[in-house]
Amino acid sequence: MLLLTCFAETRSRWSGQKALVITLTQFDRQPLHPDINRVVGNFTSLTLAEYHADNAESWLRHAQGLQEQVWRDLGHASVSAISVQRALAQRTGNEMQAAPVVFTSMLGVADALAKAVPWPNYTSSQTPQVWLDHQAIDLADCVLLSCDYLEELFLPDMVEQMFAWYCHTLRALAGNDWLALPIRDLPVAQRQIRLQANTTGGLMPSHRALHDAFFSQAQQWPERPELWDSVNGYLSYGALREQALTVAAGLLRRGIHSGDCVALCLTSGSERVVALLGILAAGAAYLPLNQAHPAARHELLCRKGRAKAVISDNELSFAIPTYSLASLRDNALLKAPIIPPDDTLAYVLFTSGTTGEPKGVMIEHRNVLNTLEAVCQQLDISAQDVFLAVSALDFDLSVFDLFAALSVGGLLVLAEDSPHHDADRWLTLMSTHGVSVWNSVPSLFDMLHALACARQVTLPDLRIALLSGDWVEPDSGERLRTLAPSAQAFALGGATEAAIWSTVWPMSSPLSEGCHAVPYGFPMRNQRFRVVDALGNDTPDWVPGELWIGGLGVARGYCADARLTALHFNGDYPWRWYRTGDRGRYRPDGVLEFLGRTDNQIKLQGHRIELGEIESILLRHPQVRHAVAVVQGDDATAGLHAYVQMDSAEEEFNALHHELRIILPGYAIPGEISAVTTWPLTPSGKIDRRQLAMSSPRSASPQPEKISELQHVVAALWQQLVEGPLPSGTDSFFRAGGNSLLGTKLVAQVCERFSINLTIKEFFADTTLSGLCACVERHLADRARMEEGSL
């Protein structure tokens, strides 16, 4: 039982799960006949052992709990594990779920002959639907522990590291108190690499407040142009300083104090920047409101953000004091800006909430200053740089555009707000003003690149492109150089709750073999990352978990929501942590990979499906530039739909379906794949997944009547054995009424019809019609290659 407990604990660590099932083998020769002991055969029966890991329970309690569970289960040994799985599938109406990890114990087997025979140096076992089989064998002078596993299912060295940790745990228990808590540390080598990757301590922010550097620049270089917009043209640092200090004086006269929050809802242009800097110069925090949003949302954000006043020049009505920018300017100049302590609130930005209500993220000056100074110094951003602001003020990328430019003495060019992003206008502004720094979500960069190529425009002044907020395509750096040969692209990751960004990855860095997506990279200065399992422990290399961000950038919390703050934040500055809700993993070299959202996992017809996994497989096709998988419909009508942006004709969709069938189980294959030329975007420029899920476009994937002749033939053979309608691609053989015997007959008939050697194991790996057809296609392709080789 100790070995089984250690093995279950090891599997928990390398799966990131706290609840799991292991298949136990049991020698079960029932006394059904007087001569039964003279019968040679396989009398193995299977039992499912349930295990629950718990940080608060000792090794002894884990072993006792598992022992009690196994003894209870053995009382029902006449009902095999396969029968249980089949009954569950019939009850839920879903495909039978496998339990592919097996524990085989031969401890205590009184067989003197077996113990006397030298054990072979190499063994191998192959069992259908088994991924990993651990054996414990009692020999004359030792206990032999071994693992057989499917190499193609596991990443390099994963099983070896898992087995080494398992053996290390057993040795530790041999000499330690079993009342101690389970050992859930990382392997030593992995722990050292994580420590090295997260040793990011460096210079602390050199300024106390977000606006401090701007006012220093304005005092030193008052005539330098700081801002440009299409209405007012250029505005110098000195002029912007005076206007901001006037607004600050007006706010102070109206009762605004340091630490208060002031909302602003103004039209695009320099007036926004003046108001924003005026709010900060008064020692207050700013809360940007998007004019395109409805009044009810404005009211909600002001209430949740605890705004004391609003600066607005339109006819909108607010329940709190509202001041026009003109009225605030009608004041004597404040002598100097208020520079509050660095733990004072700098701004509040609202992000979408999973509960349906937006979350107000409270960022302190010291949080955002760490990010700004780290990025500017790492990328050598200076007063010679020109920024183009394409992000809305209520999106956190705008914080970098505005304050990176202001803090180094650079020029900020403001692009006009528009319901539709105007890439033509961006190109004109970039060429006219010599923009050198581009900062946006990937979709906006894709728009810029596509239009620049169509217009045959180059951007020789552009030297840096910062891409973040969504999946970054691996060829973004190459495409950037077609516009600006000397430019560098950087992929950045993070969260609004951690002051814009926390990781950076130079796009010039080569991707590891088998890596099809741009990695998150390494933590930036004074920031750290953990990948955490369901119990709050760091996951080993390659094991997915929740990404936690720590360090100087982590926010104070959420406005007016102590419960949500306690759920997502813990610790105190500078050792504060934020639970992102994102999924990620560490590679053996210490590089972080982003795997999507934890809430991007959906449950469809009883199956848990990672939409990100479907997207990553579609992205492997060389013609696919971007892919998004969504669920369309509700309840019984719900189904998977994939959208792809690709550089090829419609016939490539057959290849996409084929790629998915080879890798994914039938229930995870989208029923339809549609091509898109442009993506619907949110106001911040991210792909609008909600709109895709709600839409009902004409599918560009092959329609049912256009399925291949092969699928028609296999479906007809299936229908001969299982009564019912002709099966479709995602129908499961067992869910349709089939069983192991009928499955064997189907495999035999398929082999005879197509002259191939399809195995039962291959069929049981995916018993959907799509899965079976994919197996047949692979065999036919292998036979064709062999015939070509013979010729």
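Visitor: At what angle do helix α8 (residues 237–253) and helix α9 (residues 270–281) pack?

Guide: This is a predicted model, in which local features need pLDDT of at least 70 and side-chain atom pairs count only at pLDDT 80 or more, while totals for chains, interfaces and linings use all residues. Residues are numbered from 1 along each chain as its sequence is written, and side-chain values use heavy atoms, with hydrogens and water left out. Helices (H or I, at least four residues) and strands (E, at least two) are DSSP runs numbered from the N terminus, and axes are lines fitted to C-alpha atoms, for helices over the stretch in contact, with angles from 0 to 180 degrees between N-to-C directions. The axes of α8 and α9 are 7 Å apart, and the two helices pack at an angle of about 55°.

Visitor: What does that angle make α8 relative to α9?

Guide: Angles under 35 degrees count as roughly parallel, over 145 as roughly antiparallel, 65 to 115 as roughly perpendicular and the rest as oblique. With an angle of about 55° between the helices, α8 is to α9 therefore oblique.

Visitor: How many charged residues are in the contact of α8 with α9?

Guide: The contact (heavy atoms within 4.5 Å) involves residues of α8 including Leu-240, Gln-243 and Leu-251, and residues of α9 including Val-273, Gly-278 and Ile-279. Ala, Val, Leu, Ile, Met, Phe, Trp, Tyr, Cys and Pro count as nonpolar, Asp, Glu, Lys and Arg as charged, and the others, Gly among them, as polar. By these classes, the contact of α8 with α9 has twelve nonpolar residues, two polar residues and, as for charged residues, none.

Visitor: How many charged residues does the contact of helix α14 with helix α15 have?

Guide: Helix α14 (residues 423–433) and helix α15 (residues 442–455) pack at an angle of about 75°, with axes 9 Å apart, so α14 is roughly perpendicular to α15. Among the residues in contact are Asp-424, Trp-426 and Met-430 of α14, together with Met-447, Leu-451 and Arg-455 of α15. The residues of this contact divide into nine nonpolar and no polar, while the charged ones number two.

Visitor: Why is strand β6 (residues 225–229) largely enclosed by the rest of the structure?

Guide: Buried means under 20% relative accessible area, exposed over 50% and partly exposed in between, using a 1.4 Å probe and protein chains only. Strand β6 is largely enclosed by the rest of the structure because, of its five residues, the number buried is four.

Visitor: Which residue of strand β15 (residues 411–414) stands opposite Trp-228?

Guide: Two strands pair if DSSP finds at least two bridges between them, and β6 is joined by four bridges to strand β7 (residues 233–236), running antiparallel. A hairpin of three residues connects β6 to β7, and Leu-227 has Leu-235 as its bridge partner there. With β15, however, β6 pairs in the parallel sense over two bridges, and there Trp-228 stands opposite Val-413.

Visitor: Is Leu-48 buried or partly exposed?

Guide: Leu-48 is found in strand β2 (residues 44–52). Not counting residues up to four places away in sequence, it touches Val-21, Ile-22, Thr-23, Asp-73, Ala-81, Val-84, Gln-85 and Ala-99. At 22% relative accessibility, Leu-48 therefore counts as partly exposed.

Visitor: Which residue of strand β30 (residues 639–646) stands opposite His-626?

Guide: An open sheet of three strands has the order β29-β30-β31, with mixed pairing, and its edge strands are β29 (624–632) and β31 (672–675). Strands β29 and β30 pair in the antiparallel sense over eight bridges. In this pairing, His-626 stands opposite Gln-645.
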